[in-house]
Amino acid sequence: MEYKYAKKENYEDFASGRVIYHVGGEPTFPVRLSLEIYERCLSYSGKKTDITLYDCCCGGAYMLTILGLLKNNTISMIYGSDINQESIRLAQDNLSLLSKSGINKRRAELEDLYQKYNKTSHLEALQSIDRIEQLIDKEVRTSIFNQNALEVSELPFTPDIIITDVPYGNMVEWDQGNGGINQMMNALSSVCGSETIICVCMNKKQKIQTDLYQRLERQLIGKRKFEIYRKSRRE
Ligand SMILES: C[S@@+](CC[C@H](N)C(=O)[O-])C[C@H]1O[C@@H](n2cnc3c(N)ncnc32)[C@H](O)[C@@H]1O
């Protein structure tokens, strides 16, 4: 896949476990790909600013945190949900990094670690956090909640963009449901508006079969693929 929007850059500052919190076993998502997908979704969206972004399988919110830091000029609200309580706790910690107070707390933790262990990795993390802090022009509001994505039927908000990286074996399986990706797409249709843009990242074997949505784009990338949808429009 050719990157149309996200530049090839050094994204080391955003490595999981450096400034962004990491817990063993929690999947992450490539930084450049997150940016590219978000920009592609935005290009299909009629709304270009004040975006409400939602991830219904957010895990530790690694991807949401990256987007909140690097795309806060267009995002005003981030919602994330997951079925797993530990992931939700990690997601809350990570999304706290979108605020000055969260950054200050993380800096104090890293300073403490550096004083105790004198490790280069902690010093590098302290350098990264200074650069990350510069990105916070505007604080994005965030909310994380517990929700089975296969059964979601109502939400107190209408997302402008949904980007989600669904379970596909290896590290995480679908929890509490066996209809997988198609069950999720059916459920999401009741919380999307007619203009909501949805991107689902999955492995190549997973297939979305639905006439509730119109597919706008499909891209293969390594072992993954992502597909972008909008609700089908009735004539
Ligand atoms: C591939 S991970 C997402 C990683 C995330 N994109 C990130 O950047 O941190 C998939 C997530 O789906 C969650 N999950 C599994 N079954 C679910 C369900 N039925 N409803 C909601 N989340 C579910 C898992 O707990 C896991 O956190």
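A charge is taken to sit over a ring if NZ of Lys or CZ of Arg is within 6 Å of the ring centre and within 35 degrees of the ring normal. By this criterion the charged end of Arg-106 sits over the ring of Tyr-21, 4.3 Å from its centre, and the charged end of Arg-32 sits over the ring of Tyr-3, 3.7 Å from its centre. The model is a predicted one, in which local features need pLDDT of at least 70 and side-chain atom pairs count only at pLDDT 80 or more, while totals for chains, interfaces and linings use all residues. Residues are numbered from 1 along each chain as its sequence is written, and side-chain values use heavy atoms, with hydrogens and water left out.

**Aromatic pairs**

- Rings of Phe, Tyr and Trp (its six-membered ring) pair if their centres lie within 6.5 Å, and planes under 30 degrees apart count as stacked, over 60 as edge-to-face and the rest as tilted; the count by this rule comes to 5 aromatic pairs.
- Tyr-54 and Phe-145 form a stacked pair, with 6.0 Å centre to centre and 10° between the planes. This pair links distant parts of the chain, since Tyr-54 belongs to strand β1 (residues 51-55) and Phe-145 to strand β3 (residues 141-146), 91 residues apart; here helices (H or I, at least four residues) and strands (E, at least two) are DSSP runs, numbered from the N terminus.
- Tyr-54 also forms an edge-to-face pair with Phe-157, at 5.3 Å centre to centre and 80° between the planes. Tyr-54 lies in strand β1 and Phe-157 in the loop between β3 and β4 (161-165), so this pair ties together parts that are 103 residues apart in sequence.
- Ring pairs link Tyr-54, Tyr-79, Phe-145 and Phe-157 into a cluster.
- Tyr-54 is buried, with a relative accessible area of 0%, and Phe-157 is likewise buried, at 9%; buried means under 20% relative accessible area, exposed over 50%, and partly exposed in between (1.4 Å probe, protein chains only).

**Strands and their pairing**

- Because 5 of the 5 residues of β1 are buried, this strand is largely enclosed by the rest of the structure. Both of its faces are covered, with Ile-51, Leu-53 and Asp-55 buried on one side and Thr-52 and Tyr-54 buried on the other.
- Two strands pair if DSSP finds at least two bridges between them, and β1 pairs with strand β2 (residues 75-82) in the parallel sense over 5 bridges. Within this pairing Tyr-54 stands opposite Tyr-79 in β2.
- Strand β6 (residues 213-221) and strand β7 (residues 224-231) pair in the antiparallel sense over 8 bridges, and Arg-215 stands opposite Tyr-229 in β7.
- The hairpin of β6 and β7 has 2 residues between the strands, and in this hairpin Gly-222 takes a positive phi near 60°.

**Enclosed space**

- On a 1 Å grid over the protein atoms alone, a cavity is a set of points where a 1.4 Å probe fits but cannot get out, and lining residues have an atom within 4 Å of a point. Grid points are joined across faces, edges and corners, and a volume is the space filled by probe spheres set on the points.
- The count comes to 1 cavity of 30 Å³ or more, and about 50 Å³ of space lies in the largest cavity.
- Residues lining the largest cavity include Ser-16, Tyr-21, His-22, Glu-26, Gly-60, Leu-90 and Asn-94.

**Backbone and loop residues**

- Most residues other than glycine have a negative phi. Asp-50, in contrast, has a positive phi near 55°; Asp-50 is placed in the loop between α1 (31-44) and β1 and is partly exposed, with a relative accessible area of 46%.
- Asn-118 also has a positive phi, near 55°; Asn-118 lies in the loop between α4 (100-117) and α5 (120-134) and counts as exposed at 58% relative accessibility.
- Glu-9 is found in the segment before α1 and is partly exposed, with a relative accessible area of 48%. The C-alpha atoms of Glu-9 and Arg-32, 23 residues apart along the chain, are separated by 8.1 Å.
- Cys-58, in the loop between β1 and α2 (62-70), counts as buried at 7% relative accessibility. Cys-58 and Phe-145 are 87 residues apart in sequence and 9.8 Å apart in space, C-alpha to C-alpha.

Notes
1 Å grid on protein atoms, 1.4 Å probe; cavity = no way out; pocket = protein on both sides within 12 Å on 5 of 7 lines; lining within 4 Å.
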